[in-house]
Amino acid sequence: AGEPFPADFIDTVRKIFRRLFRVYAHIYHSHFNQVCELGEEAHLNTLFKHFIFFSHYFKLIIPQEIAPLQELVDKFLSQFNMRHKDAKG
């Protein structure tokens, strides 16, 4: 088949996701007004929402690292949880 993943694969993925989160935090903190002026906030929010859902599902970012955008993350995760609750019936 293929080669097995290296032993440090999950640690490497977590490091990448931590760094990507910092990029999102910087954009939201320092450039959100410009994003809004361009009318692109829906795109940014969609990208970030998918990033948060994926990282939450696979436990790739620890809660302390999310603190700078905790309010927004909580909003997105509550939407995620409601959708999955509704989908399960």
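Phe17, Phe21, Tyr24, Tyr28, Phe32, Phe48, Phe51, Phe54, Tyr57, Phe58 and Phe76 form one aromatic cluster. This is a predicted model: local features need pLDDT of at least 70, side-chain atom pairs count only at pLDDT 80 or more, and totals for chains, interfaces and linings use all residues. Residues are numbered from 1 along each chain as its sequence is written, and side-chain values use heavy atoms, without hydrogens and water.

The structure holds 12 aromatic pairs. Rings of Phe, Tyr and Trp (its six-membered ring) pair if their centres lie within 6.5 Å; planes under 30 degrees apart count as stacked, over 60 as edge-to-face and the rest as tilted. Two of the pairs follow.

| Pair | Centres | Planes | Class |
|---|---|---|---|
| Phe17 and Phe51 | 5.1 Å | 10° | stacked |
| Phe21 and Phe48 | 6.1 Å | 40° | tilted |

Each pair links distant parts of the chain. Phe17 lies in helix α1 (residues 9–30) and Phe51 in helix α3, 34 residues apart. Phe21 in α1 and Phe48 in α3 are 27 residues apart. Helices are DSSP runs (H or I, at least four residues), numbered from the N terminus.

Phe17 and Phe51 are both buried, meaning under 20% relative accessible area (1.4 Å probe, protein chains only). Phe21 is buried at 3%. Phe48 is buried at 0%.

Just after α3, Lys59 takes a positive phi of about 55°.

Note on methods: Helix = DSSP H or I, 4+ residues; strand = E, 2+ residues; numbered from the N terminus. Buried < 20%, exposed > 50% of the residue type's maximum accessible area, 1.4 Å probe, protein only.
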